[in-house]
Amino acid sequence: MAERRPRLLYLAFFFPPSRASGVFRARATANYFVEQGWDVTVLRGPDRFFDEITGARDDAMTDTVDPRVEVAAPEMDYFRWETDVREYGRFRGNFPGAARAWFNWKQEHVFPDKYQGWGTAALREGLRRHRKDPFDLIVATGNPFASFGSAWALSKLMRRPFVVDYRDSWTLDQFKNADMFPPEHPAWKWERRILRSAAASLHVNDAMRAWHAGKYPEAADRMQVVLNGWDPDVVSDEQSSPDEDRPLSFSFVGTLTHVQPIGSLLEAYRLMTERGDHAGAQLDFYGHIGFFAKTEADLKADLGLDKELPGVTVRGPVPKPAIATAYAASDVLVFMTGGSKYVTTGKVFEYMATGKPIVSVHEKGCAAEELLRGYPLWFEPASLDPEDVAAAMADAGDAARKSDPDTAARARAYAQSFTRYAALAPFEQWSRDLVAKRKG
Amino acid sequence: MDTIERDLTATRREVAVVFKKGVLPRVNAYLREVAPRGVEVTVLVANGPGWRKAEKVDGRAEVLSIGRRENRQPGVWIYMMVVERAPRAVLKRLEHRLPGKAGRAAGRARGIHRKAAAKIRKYVFWPVYRPLRPQALRRIAGRRVEALGLDRVDRVCIVDEGAVPFGWMLANRYPDLEVTRLLDKSRHEDLPVTGPTAAPEVRAPYTRI
């Protein structure tokens, strides 16, 4: 009789067709585990959330999920997001104050996350599936952190180990390097409770692991670093050399948000072109503006991209499977993040995989610097002062024009060690060993 | 159940329901964006107790008020009369008409009454009335929906939580009517700015219905 494949229950709210920035880690985890011989069941957020609430759906992403991965989408309550009064229930429609008080009470006393309704539904769905065919391991990725609560409860009820994957931090504000909640907030109690019981917790960089180890020393020995990485199906590592005649294209590829120093970038670009460095160079923005379609127009205005700026083009979102086209059209990549020592971003791996010059536009001390330091085509400005950024952009432009194949090859070779699968391999092996040990 | 037949080629019309004065700055900001684009907005306000110092609604909107009806509810009227208005009026007259010591005593009593009435309002009246107010206003507004001209309206925006019961009633009574919590100016960004962008003089008083 064939040996039973280990079974993984994976709680990942943001999973294709969502186009949220976190789905790539979740997608790679599910695909990699299934390729390594696991039966993987993913519980994701409901379609309505991606269609109507975030408006951030990309059906092309669904095709990139291994067909062997079983995906279910438990329903959720939309208390915090529902704007259609007709959809309110009788209780909320007649007693909105009481309904809000009840919602807040649950946040305070049950689980402190607005996605709590999905967490409860995922718990029920997970149990139902476990009764039919038992799982061996539960992995939950946050945000939302309701998935951590559900994994903890499932673990207690199913008597199976669980792992929490901190794609984002829960109680640490990564951009301000400060606590996210006041000391009496229930999130602290829950995080301690979850980390005390978890078989492991995964963090995207060592600074994040160290911060959590400092806060929860009792769980420090079970904390692992699983870096983000780049997806070979998304980024082509074929080298394209820039046409000498066409103006250079400086590109930012990713989601624009409030936390990025876009003012510094726009000013630096203006300074560089006005000085005649790389005359006619273009600055292109590929990607969404913000994570919510409804706030896109406001954010665009806030970022100063609603008016026409010479040479600056907002090219809009590119479906992930077609993103290689955006990279191919770019000569220099602008790595702009609101970074801190806790922020790596998944984008930096993708940028490195292209083998193109990368110019950093972020505060000093960003966690991504550790990775970029070994990349031979990295250009780091002395500060975020537009003069410094303009100088770094000009140097990166020179490197793109020079187009040295050896340096580009070294750059791509360096990036090869940072694929998603390379990052996930040790964790998958650890999970396999854990399940094998438990089965005796 | 009523149904609404709507002329889709007509000017865009919306109703904003405001039962809480704290959301008026948001409503006015919305009006500043959409009124110059020719969107006609009717604002239904419940400017009853506690609205004396409220911001005025932008003059480009038609404002319908149920504040007087709210003040005439038996519970509200009795509280206002017995605790606030009658003692205030009596003590004011006494202060002005009584000579010497008695007049000064009435003046002191008036000050004490003012403070006591403020405390009673804050700690007794509002804690009791606040949870009942959405239902009370739903009933009052529900009897006057004809004044809103819902047959010509594209959507009703329920701006504050207190207006939700009224909105929920409308949603159930008119199945084709959009009833939303969003004041979404982006819906009208396709319209050119044709009207003046400066707000005209505030219309006062509001139209009582």
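Author: Chain A holds 17 helices and 15 strands, where helices (H or I, at least four residues) and strands (E, at least two) are DSSP runs numbered from the N terminus. This is a predicted model, in which local features need pLDDT of at least 70 and side-chain atom pairs count only at pLDDT 80 or more, while totals for chains, interfaces and linings use all residues. Residues are numbered from 1 along each chain as its sequence is written, and chains are lettered from A and ligands numbered from 1 in the order in which they are written.

The C-alpha trace of chain A spans about 65 × 60 × 40 Å along its principal axes. Because a compact globule of 440 residues would have a radius of gyration near 22 Å, the 23 Å of chain A agrees with that expectation; the radius is taken over C-alpha atoms, and the globule rule is 2.2 Å times the number of residues to the power 0.38. Of the 440 residues in chain A, 46% count as buried, that is, with 20 or more other C-beta atoms within 10 Å of their own, the C-beta atoms being placed from the backbone. Among contacts in chain A between residues at least 6 apart in sequence, 77% join residues at least 24 apart, a contact meaning that two C-beta atoms, placed from the backbone, lie within 7 Å.

Turning to the neighbour, the contact takes 11 residues from chain A and 14 residues from chain B. On the side of chain A that touches chain B, helix H4 (90-94) and helix H5 (96-109) of chain A are the elements that give two or more residues, and the largest share, three residues, comes from H5(A).

Notes:
Buried ≥ 20, exposed ≤ 12 C-beta atoms within 10 Å, placed from the backbone.
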